[in-house]
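Subject: A structure for you to look at

Hello,

Here is the structure I promised to pass on. Please open it alongside this message and follow along as you read.

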Amino acid sequence: MSKKRIACDIDGVVANFLAGAVEYWGEPQIPVAYSLEEMFPHIPEEDLGTWVDLPSTYVDLPLVDGAREGISRLREAYSITFVTSRPEFVEDATVEWLEKQGLLGLRLIVAWDKAAVIEQYGFSVAIEDDLEMARRLAQFCPRVFLLNWPYNSGPCGRAMRVNDWEEIVTILGGNVG
Ligand SMILES: [Mg+2]
């Protein structure tokens, strides 16, 4: 029997992009907002943009708590693919980061239209941190987890809000060791 497939977002699910920004720019004015402009209104947008466009930024990001353990527990029973709408110019940096984090060997799809990819390939589980995307994915993907962050509050439709990776593993896991 082939394994069920999980589509796993990267930023806000595996890579903690905002924590990376805090490491680089210092304490933000709003602790965890969705955009850097909201978190760091005192830094010129141009400078934030330059940082976002540097591939090295993506090589240095910290992990989301519990992501590595969660993935290593789930990959026994599921086929996990990272599906990200990061721009193509950071694809190499993304691979380098995954390698650094011990997450290599899993498939990576970089696609501007993430939802279309997830629908086309028939993933049965998706893990996401963007509220709108989670609601959208839940219209066709049987099980969508929305990892809870201060920036994604609000009704998430048919998606299931979870606090952390441990909760995802518990729900999907059962017999996963
Ligand atoms: Mg994300």
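Below is what turned up, going from the sheet to the core and then to one residue.

Two notes before you start. This is a predicted model, in which local features need pLDDT of at least 70 and side-chain atom pairs count only at pLDDT 80 or more, while totals for chains, interfaces and linings use all residues. Residues are numbered from 1 along each chain as its sequence is written.

**The sheet**

Six strands form an open sheet with parallel pairing, in the order β3-β2-β1-β4-β5-β6. The edge strands, β3 and β6 (160-162), each pair on one side only. On average, neighbouring strands are turned by 25° against each other, direction ignored (axes are lines fitted to C-alpha atoms, and angles run from 0 to 180 degrees between N-to-C directions). Strands here are DSSP runs of E with at least two residues, and helices are runs of H or I with at least four, numbered from the N terminus. Two strands pair if DSSP finds at least two bridges between them.

β1 and β2 are joined in parallel by five bridges, and Ile6 has Ile80 in β2 as its bridge partner. On another side of the story, β1 runs parallel to β4 with three bridges, and Ala7 stands opposite Ala126 in β4. β2 also pairs with β3 (residues 107-110), again parallel, over four bridges. From β2 the chain crosses through helix α6 (residues 91-100) to β3, and this β-α-β crossover is right-handed (with the strands pointing away from the viewer, the path from the first strand over the helix to the second runs clockwise).

**The core**

The largest nonpolar core has 38 residues, and Cys8, Ala126, Leu137 and Val144 have the most contacts inside it. Such a core is a set of buried Ala, Val, Leu, Ile, Met, Phe, Trp, Tyr and Cys residues joined through C-beta atoms within 7 Å. Elements giving two or more residues to this core include β1 (4-8), β2 (78-84) and α9 (165-173). A second, separate core of five residues includes Leu18 and Phe40.

Why does Leu146 count as buried? Because it has 25 C-beta neighbours inside 10 Å (buried takes 20 or more other C-beta atoms within 10 Å, exposed 12 or fewer, partly exposed in between, with C-beta atoms placed from the backbone). The C-alpha atoms of Leu146 and Met160 are separated by 5.8 Å, although the two are 14 residues apart along the chain.

Best wishes
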